[in-house]
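Here are my notes on the model you sent.

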Amino acid sequence: MRWLPLFLGAARLAVAASTTTTTTEAEDDVGVTEYTKFNDVSIPPLIELTPDNWEKESKASKWLMVKHYSPYCPHCIDFAPTYQTLYEFYYTSKPVGNENANFTDFYDFRFGTINCVAYYDLCSAHKASSYPTTTLYKNGEQVEALKGVKSMVVLSEVVEKALEETKPGSRPAKLELPKPGEISAPGYVPKAGAINDTKEASKVDSVQDVPKIDLVKDSAKVDSVKDVPKVDLVKDSAKVEQPVKDTFITGNDEYLMPTPKTEEKPADKVVEQVADKATETKAASKADPSVEAKAKVEKAKEEKKSGAYYEAPAVAAAAAASIKGNKPKSTPNPNGISQPLTAESFQSQVTMTQQPWFIKFYAPWCHHCQAMAANWAQVAREMKGRLNIGEVNCEQEVRLCKDVRVTGYPTIQFFRGGERAEYTGLRGLGDFLAYAEKAIDISNGVQDVSAASFKALEEKEEVIFVYFYDHATTTEDFLALERLPLSLIGRAKLVKTRDPEMYDRFKITTWPRLLVSREGRPTYYQPLTPNEMRGTRQVLDWMKSVWLPIVPEMTASNAREIMDGKIVVLGLLNRDDEESFNGAIREMKSAAGEWMDKQIQLFQLERQELRNAKQLRIEEAEDRNDQRALRNAKNIRINMDRADRKEITFAWVDGVFWQRWIRTTYGIDVKDTGDRIIINDEDNRRYWDQTTTGNPIVPSRTSILETITKISQNPLNIKPKLTISAFEKMFFDIRMTFSEHPYLSMGCILGIAFGCLSWFRNSARAQRRAGHGTHFKLEEGGVGAPSEKGSSGFIQSVFGGSGGSSNGPKAD
């Protein structure tokens, strides 16, 4: 028994040695797979540079191009195919007139990479502060550095410059570059038998020993995965090895990823992994139905990486959509009726699903609800099979109506899961249907657009919000984006894009980025930090400030939004005269665009002046070596808050439809005077309808801009007119003073009240003193009357007289 431990120890050593040998052989095989093919030439891997070999490798050749990268950086992952293809292209490149020359030896030029996660100090010494950074070294000294993801053309310009410097006249006049991921140069013709030689030389592609596997058939024992197509690994291996770009769709985005080469994997391992994954999915889906969908997407990613099969984009999209809860459901509103909802059915059919619902909250005794009932029933019929229509009786479902914050009847809200948006438009049938159509469109999610589809969309939509994203955009960013569309129903369109043409058009250099395009004019959302981009409330507040078109039509539903707090250039137009109407709208848009450009220039000029003033203070403090003044100068904030200035906006109104209101308020009848422009200041109940020359303002760019310039000056150069009487204006001004300056107004009132109280109190005291005071009456012989002598003594004592005879001496 004493020898048993020795035998067991020897067995362990034998097993360890066997494992080490197997691992070494596997690593050797992996090393072989690092070789790639380009133009049917076997390409060695890029030089992996480390602190240990840097000095040696940097001096081994005259030129060395190095990519500094992080394996976790999405931009680096995106840039990897470009840099790899660049290296492969130049490795097989030949100088003009010398087809037998070796590129590396002829030009003394090599390519390498540095993993900045593993060798951070080395990257820091090379001043690679961002990834990826591509640097060209000459004899170990840095010559040029390119930060960020660069195209093949930009990189090639740097390489060609170095090659021409080394061997002048050896480069072709015109260079055709391959696209990232391609395995041959443009125009390359493979030699006879090259394909067979390539397959025999590469161990990666030799999968003849791998048996044929049907993933669907083998995995059906544990789970029925209908979405996985049948794949023959042997027959399809040639397809998988091609590094073409495939589309892989996630729940929030669509990524372009290079299809990796097939790895050698035993058949039993493939089936075992599929079976284990399916078993875990089936168990987890009992607790959460979305787990199964998530597992499908994860399995698609894993099998896609291994090259086992290619999943069609539609299948991936369906699986990813089911994660959001958008599983295939029954047809919405199948009967075309407004479905009555209770608290229980509301929770199960509305809040616990992702189906869109248009719901009316009403009371049976409400006259407005009764008048709207016919239109609501017609909306339900029109939306049959497209949108769920419901209604809640708030007399019976008091708690439910209180939970959704119903404060008046009728209240109409649009729901999608736990999100909702209140309908604030008019209650006509056409208004309901227009809102419902836009709600259906938005319920499908944020549309991904290209430059071409965006251009077509601009012809239909006046206001479009565009969200720019790239590979680095996270799931949290997309979830925040998905919370925005409901608030934009009936207002504007929200789309997202990652099209490089869109980047160039709107000059986007940071991601994610948000802007609004109105008539092709972009207005950018200034905050850029992740928290500010994901702050739904903050983003919505900005959207509300810019979601009106440049020249919107003023209606009863948006009148307050257009008029309050602004000076509005309001066009009173006759829609019936189509030619005149189109011309007036065109002139107003032209004036609005020119005015906006002018305001942007003034804003930039004012900001630059403030910056210059700050810089002067800093320089002055530095000249005096006054550290305290220097700190104060640097702490000066450039405040560009324009809250004290009224914004000037543009709008138009149908002068025939609103004829009575326009005639009562402004004294203008469009039918008699024709199209007119008035500039309205609703907050102060005043307006302007004449230019500086006394002529009426007409829909003309020159007339509008000339008058706006005079009105925006302080003091005003044109006297305004009032929309109310002088008597009403007096009370209006008092009310506005109280609302704008409440504390000052209360102080004035208290001061006036205290003054009045003091006056009344003094008056009362004077009256009391007059009623109860002492009166002297000089009556001769009267009882109690003072004697003449006594009286004279009193007077003398008061006035200092002698009290003697009046015939005494007098002073001159």
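1. Lys-167 sits over the face of Phe-106, 5.1 Å from the ring centre; for this, NZ of Lys or CZ of Arg must be within 6 Å of the ring centre and within 35 degrees of the ring normal. Lys-496 is placed over the face of Tyr-469 in turn, at 5.9 Å from the ring centre. The model is predicted: local features need pLDDT of at least 70, side-chain atom pairs count only at pLDDT 80 or more, and totals for chains, interfaces and linings use all residues. Residues are numbered from 1 along each chain as its sequence is written, and side-chain values use heavy atoms, without hydrogens and water.

2. Phe-106 also belongs to an aromatic cluster whose members include Trp-63, Phe-79, Tyr-83 and Tyr-107. Rings of Phe, Tyr and Trp (its six-membered ring) pair if their centres lie within 6.5 Å; planes under 30 degrees apart are stacked, over 60 edge-to-face, the rest tilted.

3. The whole structure holds 36 aromatic pairs. Phe-79 and Tyr-83 make a tilted one, because their planes are at 40 degrees, with ring centres 6.1 Å apart. Both Phe-79 and Tyr-83 are buried (under 20% relative accessible area; exposed is over 50%, partly exposed in between, with a 1.4 Å probe and protein chains only).

4. Tyr-423 and Tyr-435 pair edge-to-face, 4.9 Å centre to centre and 75 degrees between the planes. Tyr-423 counts as buried at 10% relative accessibility, and Tyr-435 is buried at 8%.
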